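Open your viewer and get ready to click along.

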Amino acid sequence: MNHNPEVAAALARLLAETYTLYLKTHNFHWNVTGPNFHALHLMFEQQYTELATAVDTLAERIRALGQRAPGSYAEFAKLSAVKDASGTPDAEAMLAELAADHKLVAEQADRVLRVAQEHGDEGTSSIAGDRIELHEKTVWMLTAHLR
């Protein structure tokens with residue numbers, strides 16, 4: 001097994017972005033309002049549930065590579081391109097913000113994939129490929145709700 005720290009560092013950024021997106025999605029699940037409340041409330045719940053599973057997978061992969069997984073809000077804030085929501089946006093803004101964030105996370109997953117491939121790390125490559133597919137599909141689903 002390849003224990004390259006560069007792969008683990010890329011995974012740590014993906015973990016931080018995924019966790020930040022999980023928290024934001026959960027926040028929006030709690031605070032969404034409007035005529036599409038029920039549908040969005042359920043969709044956000046499905047998304048944050050998937051993200052919660054993903055953070056565990058990513059952290060465990062970092063540990064399998066022999067590195068420490070980041071696990072604090074402070075560490076995640078330093079590593080993540082995804083930022084906390086400010087205020088309580090309306091439902092349309094929530095959808096747009098989450099779509100943009102999923103795009104950022106897909107881009108980081110692509111960076112993980114490239115670094116893993118450079119180092120012959122098939123396990124990490126597989127995880128990254130799955131994350132790219134999921135986040136790209138989620139961007140499509142979120143933007144389908146926008147006018």
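**A tour of salt bridges and a buried threonine**

A search of the whole structure turns up seven salt bridges, a salt bridge being a side-chain nitrogen of Lys or Arg within 4 Å of a carboxyl oxygen of Asp or Glu. Before you click, note that this is a predicted model, where local features need pLDDT of at least 70 and side-chain atom pairs count only at pLDDT 80 or more, while totals for chains, interfaces and linings use all residues. Residues are numbered from 1 along each chain as its sequence is written, and side-chain values use heavy atoms, with hydrogens and water left out.

**Stop 1: Arg 131 and Glu 50**

Select Arg 131 and Glu 50, whose side chains meet in a salt bridge of 2.5 Å, N to O. Arg 131 lies in helix 5 and Glu 50 in helix 2 (residues 37–64), so this pair ties together parts that are 81 residues apart in sequence. Helices here are DSSP runs (H or I, at least four residues), numbered from the N terminus. Are these two residues buried or exposed? Arg 131 counts as buried, at 8% relative accessibility, and Glu 50 counts as partly exposed, at 26%. Buried means under 20% relative accessible area, exposed over 50%, and partly exposed in between, using a 1.4 Å probe and protein chains only.

**Stop 2: Arg 61 and Asp 121**

Now select Arg 61 and Asp 121, which form a salt bridge with their closest N and O atoms 2.7 Å apart. Arg 61 lies in helix 2 and Asp 121 in the loop between helix 4 (91–118) and helix 5, so the pair ties together parts that are 60 residues apart in sequence. Arg 61 is buried, with a relative accessible area of 14%, and Asp 121 is buried too, at 3%.

**Stop 3: Thr 124**

What does the side chain of Thr 124 make a polar contact with? One partner is the side chain of Arg 61, at 2.9 Å, and the side chain of Asp 121 is joined to Thr 124 by a polar contact of 2.8 Å. A polar contact is a pair of N or O atoms within 3.5 Å; within protein, one must be able to donate a hydrogen and the other to accept it, and residues adjacent in sequence count only if both atoms are side-chain atoms. Thr 124 is buried, at 0% relative accessibility. Leaving aside residues up to four places away in sequence, Thr 124 touches Val 7, Leu 11, Arg 61, Leu 65, Val 112 and Ala 116, where contact means heavy atoms within 4.5 Å.

**Stop 4: along helix 4**

Next, color helix 4. At 1.5 Å a residue, its 28 residues should span 40 Å, and its end C-alpha atoms are 41 Å apart, which agrees; the expected span is 1.5 Å times one less than the number of residues. Select Arg 114 and Asp 110, a salt bridge with the closest N and O atoms 3.0 Å apart. Both lie in helix 4, four residues apart, about one turn of the helix. An α-helix has 3.6 residues a turn, so residues three or four places apart point the same way. Arg 114 is partly exposed at 44% relative accessibility, as is Asp 110 at 30%.

Then click Gly 120, which follows helix 4 and has a positive phi, near 65°.

**Last stop: Ala 100**

Finish in helix 4 with Ala 100, which is partly exposed, at 42%. The C-alpha atoms of Ala 100 and Val 139 are separated by 7.4 Å, although these residues are 39 apart along the chain.

How values were computed
Helix = DSSP H or I, 4+ residues; strand = E, 2+ residues; numbered from the N terminus.
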